[in-house]
Amino acid sequence: MKKHNLLLLAFLIFTVSSYGQELSEKNKFTHQDTLRGSITPERAWWDLTYYHLNVEVQPTEKFISGQNIIQYTVLEPANVLQIDLQAPLKITKVTQDKEELNVVNDGNAHFVTLLKPQDKGAVNQIIVHYEGHPKEAVRAPWDGGFSWKKDDNGNDFVATSCQGLGASVWWPCKDHMYDEVDSMDISVKTPKGLMDVSNGRLTDTKIHTNGTKTYTWSVKNPINNYGVNVNIGNYAHFSEVYQGEKGPLDMNYYVLKENLEKAKVHFKDAPRMMKAFEHWFGPYPFYEDSFKLVEVPYLGMEHQSSVTYGNKYENGYLGRDLSGTGWGLKFDFIIIHEAGHEWFANNITNIDIADMWIHESFTAYSENLFLDYYYGKKASAEYVIGTRNAIQNDKPIIGVYNVNHEGSGDMYYKGANMLHTLRQLIEDDEKWRHILRGMNKTFYHQTVNTQQIETYLSKETGIDLTAFFNQYLRDVRIPTLEYSIENNTLKYRWTEIVDNFDMPIQVTIDKKEQWLYPTAAWKTLPVSYDKVDFEVDEDFYVYSKLKS
């Protein structure tokens with residue numbers, strides 16, 4: 001599994017904050033929510049090391065069947081482990097050393113009693129057999145599962161997506177973010193004439209007597225469960241080699257055959273993305289597994305080394321600029337955003353989905369860093385400021401821990417504007433780039449929590465960011481700079497703030513830029529006269545108001 005702090009792990013297993021308890025009571029989370037979202041005792045004692053998922057996909061019947069070999073290291077002796085698989089799929093049997101094991105089902109959690117001793121340090125495996133009609137995606141990728149579609153030529157066009165919902169919606173696994181498998185093989189048997197594209201590199205293709213094929217893909221790096229995918233279609237393939245920071249990187253593209261020529265032109269954004277993001281974030285984290293863009297029948301998703309694409313070969317978000325500034329039409333949103341997740345989500349992964357902002361805030365912010373790299377700092381600022389129209393301030397960005405609960409959708413663009421604001425506090429752009437690259441080095445292939453990210457950023461910036469993050473991640477209010485100008489005096493203070501919030505802010509007074517250092521208490525500054533022009537730098541995500 002990815003490295004993580006053992007004290008933190010113990011905390012997550014055995015405690016829930018009083019804040020989480022209050023929200024849990026309010027939201028009436030269920031027993032199933034806890035089984036899905038917490039590190040249960042039946043999960044904690046074993047460490048994932050390897051999966052081999054082998055599944056046959058039958059689009060005509062919307063049916064799948066197969067098995068998953070689950071290899072693990074024993075951390076502490078125990079004899080019951082939890083495997084997750086969501087109805088209506090069913091586990092047909094579980095074996096260890098060819099002995100069939102007893103399985104007790106508790107909703108979507110399945111508790112397997114092991115017969116042989118589980119000695120500390122031993123490496124063991126079980127084989128889970130399963131089958132059924134998996135949940136069909138209603139509005140992929142937001143309400144995921146299997147997408148059973150047809151291409152324009154009537155061929156089956158099939159894909160999986162399962163972020164939030166969980167990988168156990170289509171395959172049996174240890175379905176919690178804290179423990180990422182170290183490596184994985186994915187074997188998918190497809191109908192005649194169709195190809196599967198999954199994560200990692202293609203290592204084997206087996207042709208069966210009936211014309212069906214089994215494609216095996218090998219992943220050499222740790223991978224989170226929801227990052228694993230199946231994509232089946234009438235694919236054409238083209239590729240290029242990108243000369244990256246760690247050497248040659250294979251970049252492969254799988255698109256419907258009728259879209260091949262269009263894709264060869266449009267996918268030029270992929271190497272441009274790689275160049276910009278390696279500049280800002282450091283080397284692409286999965287050179288061993290290559291990089292792929294794979295066309296699918298839904299909008300797209302950040303599946304590790306197998307980023308899925310369905311943006312109709314248009315710039316923007318389905319042809320729209322989410323910022324309303326025009327800058328969002330300078331790039332294909334899905335290529336840039338979903339590939340940005342290779343650094344934030346796939347390289348650095350949240351332990352608990354409550355901290356999903358670590359994935360989405362940094363990746364939404366990556367959109368304007370892409371613009372910064374190619375079009376300059378002004379363009380990137382205009383873009384991220386433009387996205388503020390999408391912010392709801394409906395609930396905190398951080399969700400409730402241990403119950404598989406995401407926070408507000410504001411984790412995207414409120415989070416991006418929070419990071420843009422933080423950049424202003426640092427002032428030195430090269431230092432900011434060093435910090436972002438350092439994050440991906442410090443937390444390389446790790447699962448993390450919010451506190452680890454906060455601590456890292458406070459240390460590297462040299463600023464105590466405790467109140468800053470409390471304000472933007474845990475509160476719905478936006479800091480408001482209240483001010484008045486009279487008797488040749490500017491009075492100012494922060495309102496709508498958490499305790500100890502004292503963020504400096506840049507303002508313009510009579511066309512002269514300067515820093516103010518407001519707190520909750522009124523401060524004063526002499527000015528030349530009572531009608532000075534006063535503006536707050538819009539790069540800071542704050543409100544301002546004239547004291548009445």
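Guide: Here's a walk that starts with the pocket and moves on to a helix, the sheets and a loop. Keep in mind that this is a predicted model, so to speak of local features takes a pLDDT of at least 70 and side-chain atom pairs count only at pLDDT 80 or more, while totals for chains, interfaces and linings use all residues. Residues are numbered from 1 along each chain as its sequence is written, and side-chain values use heavy atoms, with hydrogens and water left out.

Rolling a probe the size of a water molecule over the atoms shows where empty space is left. The largest pocket holds about 570 Å³ of space. (A pocket is an open set of points on a 1 Å grid over the protein atoms alone, with protein on both sides within 12 Å along at least five of seven lines; a cavity is a set of points where a 1.4 Å probe fits but cannot get out; lining residues have an atom within 4 Å of a point.) Grid points are joined across faces, edges and corners, and a volume is the space filled by probe spheres set on the points.

There are 27 residues lining that pocket, with Trp 142, Tyr 317, His 337, Glu 360 and Tyr 412 closest to its centre. Two elements give two or more residues to the lining, β19 (300-301) and α7 (333-340), and α7 has the largest share, with 4 residues. (Helices are DSSP runs of H or I with at least four residues, strands are runs of E with at least two, and both are numbered from the N terminus.) By class, the pocket lining splits into 13 nonpolar, 9 polar and 5 charged residues. (Ala, Val, Leu, Ile, Met, Phe, Trp, Tyr, Cys and Pro count as nonpolar, Asp, Glu, Lys and Arg as charged, and the others, Gly among them, as polar.)

What about closed space? The count is 1 cavity of 30 Å³ or more, and the largest cavity has about 170 Å³ in it. Its lining comes to 19 residues, with Arg 36, Asp 175, His 176, Met 177 and Asn 404 nearest the centre. That lining has 6 nonpolar, 8 polar and 5 charged residues.

Now the helix. α10 (residues 413-426) has 14 residues and spans 20 Å from first C-alpha to last, close to the 20 Å expected at 1.5 Å a residue. (The expected span is 1.5 Å times one less than the number of residues.) The helix α10 is mostly covered, with 14 of 14 residues buried.

On to the sheets. Three of the strands make an open, antiparallel sheet in the order β3-β7-β6, where β3 (80-84) and β6 (102-106) are the edges, each paired on one side only. (Two strands pair if DSSP finds at least two bridges between them.) The twist there averages 30 degrees from one strand to the next. (Axes are lines fitted to C-alpha atoms, for helices over the stretch in contact, and angles run from 0 to 180 degrees between N-to-C directions.) β6 and β7 (residues 109-113) share 5 bridges; Asn 105 has His 110 as its bridge partner, and Val 104 has Phe 111. Their hairpin has 2 residues between the strands, and Gly 107 takes a positive phi near 65 degrees.

Strand β8 (residues 123-132) is joined antiparallel to β2 (residues 63-74) by 10 bridges, and to β4 (residues 90-96) by 5 bridges. Tyr 130 in β8 stands opposite Gly 66 and also opposite Ile 91.

Further along, 4 strands form an open sheet of mixed pairing in the order β27-β24-β23-β29. At its edges, β27 (523-526) and β29 (543-546) each have a single partner strand, so one side of each lacks a neighbour in the sheet. Twist in this sheet averages 25 degrees per step from one strand to the next. Within it, 7 bridges join β23 (residues 480-486) to β24, running antiparallel, and Glu 486 has Thr 489 as its partner in β24.

Last stop: Asn 500 sits in the loop between β24 (489-495) and β25 (505-509). Asn 500 counts as exposed because its relative accessibility is 69%. Its C-alpha is 9.8 Å from that of Asn 470, 30 residues apart along the chain.

Terms used:
Buried means under 20% relative accessible area, exposed over 50%, partly exposed in between (1.4 Å probe, protein chains only).
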